[in-house]
Amino acid sequence: MSLDYRFTLANERTFLAWIRTTLALIGGGVALIVLPDLGIGELRHGLSALLIAFGGVLAVLSVRRWRRVQEAMTAGADLPSSRLPVILGAVLLTTAIVALGLLALRVPG
């Protein structure tokens, strides 16, 4: 079966969008570490580690997703479902809640 290159390129663009998201997560984690102390002490290190670690995990999951979709298209099968958007949304919501909590606990100084 011949695969239309437009679908392959669309799959690649989707993969690259996921990779941009991983870079943003990792960059946010690094920025949190290099910013001046916000009065939240070591908690920002934990939040930073969470963002960086999830960015790395998401990069691996993105490659896996890209490969599975490509294989399904090549085989003419249905595209596999993905939980990545739900996982990403849950992690970002959790991170936002933790970050807001940390800001609320910030010691003025």
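## Overall make-up

Of the 109 residues that form the chain, 23% count as buried. The model described here is a predicted one, and every value that follows was computed from it. The chain holds three helices and zero strands, and, read along the sequence, these elements follow the pattern α-α-α.

The way the chain folds back on itself can be followed through its contacts. Among the contacts in the chain with a separation of 6 or more, 66% are accounted for by residues 24 or more positions apart.

## Helix α1 against helix α2

In general, two packed helices are described by the angle between their axes and the distance between the axes. For helix α1, which covers residues 5–34, and helix α2, the axes come within 7 Å and cross at roughly 170 degrees. Because angles over 145 degrees count as roughly antiparallel, α1 is roughly antiparallel to α2. Sorted by class, the residues in the contact of α1 with α2 comprise 19 nonpolar, 12 polar and two charged ones.

## An aromatic pair

A pair of aromatic rings is described, in general, by the distance of the centres and the angle of the planes. The count for this structure comes to one aromatic pair. Its members are phenylalanine 15 and tryptophan 66, whose ring centres lie 6.0 Å apart and whose planes stand at 45 degrees, so the pair is classed as tilted. The pair links distant parts of the chain, since phenylalanine 15 belongs to helix α1 and tryptophan 66 to helix α2, 51 residues apart.

Tryptophan 66 has a relative accessible area of 31%, a value that makes this residue partly exposed rather than buried, because buried means under 20%.

## Glutamine 70 and its partners

Glutamine 70 is found in helix α2, which runs over residues 43–75. With a relative accessibility of 14%, glutamine 70 counts as buried. Once its neighbours within four places in sequence are left aside, glutamine 70 is in contact with Leu3, Thr8 and Asn11. With asparagine 11 there is also a polar contact, made between the side chains of the two residues at 3.1 Å.

## Helix α2 against helix α3

The axes of α2 and α3 come within 11 Å and cross at roughly 170 degrees, and these two helices are therefore roughly antiparallel to each other. On the α2 side the residues that make the contact include Leu43, Leu47, Phe54, Ser62 and Arg65, while those on the α3 side include Leu84, Ile87, Val91, Thr95 and Leu102. By class, the residues of this contact of α2 with α3 divide into 14 nonpolar, two polar and one charged.

Threonine 95, one of the contact residues on the α3 side, has its place in helix α3 and counts as buried at 9% relative accessibility. When residues up to four places away in sequence are not counted, threonine 95 touches Leu47, Leu50 and Leu51, each of which is listed on the α2 side of the contact.

## The loop between α2 and α3

Serine 81 lies in the loop between α2 and α3, the latter covering residues 84–104. At 65% relative accessibility, serine 81 counts as exposed. Leaving aside its neighbours within four places in sequence, serine 81 is in contact with Arg65 and Arg68. From C-alpha to C-alpha, serine 81 and arginine 65 are 9.3 Å apart in space, and they are 16 residues apart in sequence. Arginine 65 is also listed among the α2 residues that make the contact with α3.

Methods
Residues are numbered from 1 along each chain as its sequence is written. This is a predicted model: local features need pLDDT of at least 70, side-chain atom pairs count only at pLDDT 80 or more; totals for chains, interfaces and linings use all residues. Side-chain values use heavy atoms; hydrogens and water are left out. Helices (H or I, at least four residues) and strands (E, at least two) are DSSP runs, numbered from the N terminus. Buried means under 20% relative accessible area, exposed over 50%, partly exposed in between (1.4 Å probe, protein chains only). A polar contact is a pair of N or O atoms within 3.5 Å; within protein, one must be able to donate a hydrogen and the other to accept it, and residues adjacent in sequence count only if both atoms are side-chain atoms. Contact means heavy atoms within 4.5 Å. Axes are lines fitted to C-alpha atoms, for helices over the stretch in contact, and angles run from 0 to 180 degrees between N-to-C directions. Angles under 35 degrees count as roughly parallel, over 145 as roughly antiparallel, 65 to 115 as roughly perpendicular and the rest as oblique. Ala, Val, Leu, Ile, Met, Phe, Trp, Tyr, Cys and Pro count as nonpolar, Asp, Glu, Lys and Arg as charged, and the others, Gly among them, as polar. Rings of Phe, Tyr and Trp (its six-membered ring) pair if their centres lie within 6.5 Å; planes under 30 degrees apart count as stacked, over 60 as edge-to-face and the rest as tilted.
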